[in-house]
Amino acid sequence: MPIYEYECNKCENIFEVSMSMKDREDKTIVCPKCKSGNVAQLFYGVKVNINKRSMINNNLGGCCGGTGCS
Ligand SMILES: [Zn+2]
C-alpha cells in the first residue's frame, strides 16, 4: 500500500498516511495534530506509483507485449 506524505498548512506538521488509491479519493485527509483539513500533499511515494504504472502501460501497449509479433 502506498504511503502519502502530507504537510499541514496550519501547524506545518508533516505526517504520512498509508492508504489505497481508492481511499485517497474517498477520504478527507486531516492533520493528526491539529485536525485541520488544510493539508497539502508532498510528492513522495506518488512518483513511484506513476512510474510503475507507466511502465506497466508500456509493457501492455507494446507491439510485442505478450502475443509476440517477431
Ligand atoms: Zn496541523
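Is glutamate 12 buried or exposed? Glutamate 12 is exposed, since 10 other C-beta atoms lie within 10 Å (the cut-offs, with C-beta atoms placed from the backbone, are 20 or more others within 10 Å for buried, 12 or fewer for exposed, and partly exposed in between). The model behind this is a predicted one, where local features need pLDDT of at least 70, side-chain atom pairs count only at pLDDT 80 or more, and totals for chains, interfaces and linings use all residues. Residues are numbered from 1 along each chain as its sequence is written.

Now for the sheet. An open sheet is built from 3 strands in the order S2-S1-S3, with antiparallel pairing (strands are DSSP runs of E, at least two residues, and helices are runs of H or I, at least four, numbered from the N terminus; two strands pair if DSSP finds at least two bridges between them). S2 and S3 (39–42) sit at the edges with a single partner strand each, so one side of each has no neighbour in the sheet. From one strand to the next, the twist averages 35° (axes are lines fitted to C-alpha atoms, and angles run from 0 to 180 degrees between N-to-C directions).

S1 (residues 3–8) is joined to S2 (residues 14–18) by 5 bridges, and tyrosine 4 stands opposite valine 17 in S2. Between S1 and S3 there are 4 bridges, with glutamate 5 partnered by leucine 42 in S3.

S1 and S2 also make a hairpin with 5 residues between them, and glutamate 12 in the turn has a positive phi of about 65°. Lysine 35 likewise has a positive phi of about 65° without being a glycine. Lysine 35 belongs to the loop between helix H1 (21–26) and S3, and counts as exposed with 10 C-beta neighbours inside 10 Å.
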